[in-house]
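Dear colleague,

I am handing over a structure to you with this email, and I would be glad if you would look through it slowly. My notes on it follow below.

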Amino acid sequence: MLPPQPSPPRPDPADGRRVDLVLEGGGIKGIALAGAIEVLEERGYRVNRVAGSSAGSIVGALVTAGVSGTQLAAILRGTDYTRFQDGPFYTRFLLGKVLSILLHNGIHRGEYFTTWLEEQLAAHGATDRTGTFADLEYEDPDPARPLTTEQRSRLVVTASDLSAGRLRLLPRDGDAFGLAPEQLRVVDAVRASMSIPVVFRPAKWRTAGGRTAWLVDGGLLSNFPVSVFDLPAGQVPRWPTFGIKLSAKPDANFGVANEITGPISFAKAVLNTATGFYDRMHIDAAHSVARTIFIDTAAVRPTQFDLSGDDEELLHLSGREAARKFLDGSETTPAWDFERYVATYRSPGSPRS
C-alpha cells in the first residue's frame, strides 16, 4: 500500500476550476479514469462531486476521500487484481465456476475487494472519518441554493436492485434499506455497484421492510449517470460536469442499433437494451458528447484481472491522452470551452433550457 500523501485541495467556493465528474464503469479499466483525472488536476481543475458505477464508483470513492489523480493512478496500477478473484478453490476450474454460480449466483466473494477498498480509504481519508456517507456531505458555495437529495453528497454510487427491478442511487436511496447516510458505509455501496453479474456474488441487503434485496453492478441499468448533478432546465450551471466514458465512440450506448440474427444476438440485444436504459432515457446525445471525455479502452477486457504492466500503461496513457484532446481540441473537435457549452446547451432558448 502506498504511504499517505497530502490530500488535494478541496474546491474553493471562489475557484472557477471546480468540476463535477460522472464516471463510467468498466471493471479494471478504472486505471484509464485515473489517467484522465490526473490531467484535469494538472490543468487546475479540482474535483467537487463524483457519480459513478462499478469502476467509476471505486475511483469516485477514492477521489472524494482526498486521493489525488497521481496518487490514484499509482494505487490502481500497483494493485494485484488477480486477488479480487477470491472464489472458492474449485472456481479455478470451469465446472467449479458453474457450481459457484448455481450455489451463490456468482463466482467470486468480493471480500478481498471490500478489504482492499477499506484499507485505501482508511490510509488516505481524514483521521476522523467514520467510513460512512456522513463523511461526504456536500457543502454548496451558495448556502441558500436548494439541492436535490442526490446533490447533497459528494459521492453518488449507482447499484442495480434486482429484487425491486430498479436503479438505486446511493446514499439517496438508502432509506429503502433503512439506512441514513451516517449508517451507510461507502465500501458497502461500492461493493454493491462493482458486483459484475456472474463474476461476483450479488450484495445481499435487507430492505426497511425486512425483505432480502439483491444488488449488482450499477452498470446493468445505468453505466453512465451523466445528468445526476445537472441543475433543472433553465438554470445556468456555475461550473462544468464532465463525463468520462470508457469507449472511444461518442455514440456508444446512446441508442446504437442491435442487429439480431439468432438466439445469441437476441440475448445480447436484450442485455444491451437493459444496460444503459436509464442513460438513454435521461441523456440527450449531443448534450452529453459536448462535455464527455471518451477513452479508447477496447484493447482491454473489463474482467482481465491478470493485467500486464504494458496493459496498465496503455490504460493510463489512453486516459491522459483522451483528457488532453478533450481540453485542447484536435483536428476534428474544438477545445473545451465552458462559456460556449453554456451558450449552446444551458442558456435560455437553448435546446436544454
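Asn105 lies in the loop between helix 4 and strand 3 (106-108), where helices (H or I, at least four residues) and strands (E, at least two) are DSSP runs numbered from the N terminus. This is a predicted model, in which local features need pLDDT of at least 70 and side-chain atom pairs count only at pLDDT 80 or more, while totals for chains, interfaces and linings use all residues. Residues are numbered from 1 along each chain as its sequence is written, and side-chain values use heavy atoms, with hydrogens and water left out.

Most residues other than glycine have a negative phi, and most peptide bonds are trans. Asn105, although not a glycine, has a positive phi of about 65°, and Ser54 also has a positive value, near 55°. Ser54 sits in the loop between strand 2 (46-52) and helix 2 (55-64).

Are these two residues buried or exposed? Ser54 is buried, with a relative accessible area of 3%, whereas Asn105 is partly exposed at 40%; buried means under 20% relative accessible area, exposed over 50%, and partly exposed in between (1.4 Å probe, protein chains only).

The peptide bond from Leu170 to Pro171 is cis, with omega near 15°, and Pro171 belongs to the loop between strand 5 (166-170) and helix 6 (186-193).

Finally, Val98 is found in helix 4 (residues 94-104) and is partly exposed, with a relative accessible area of 39%.

Best wishes
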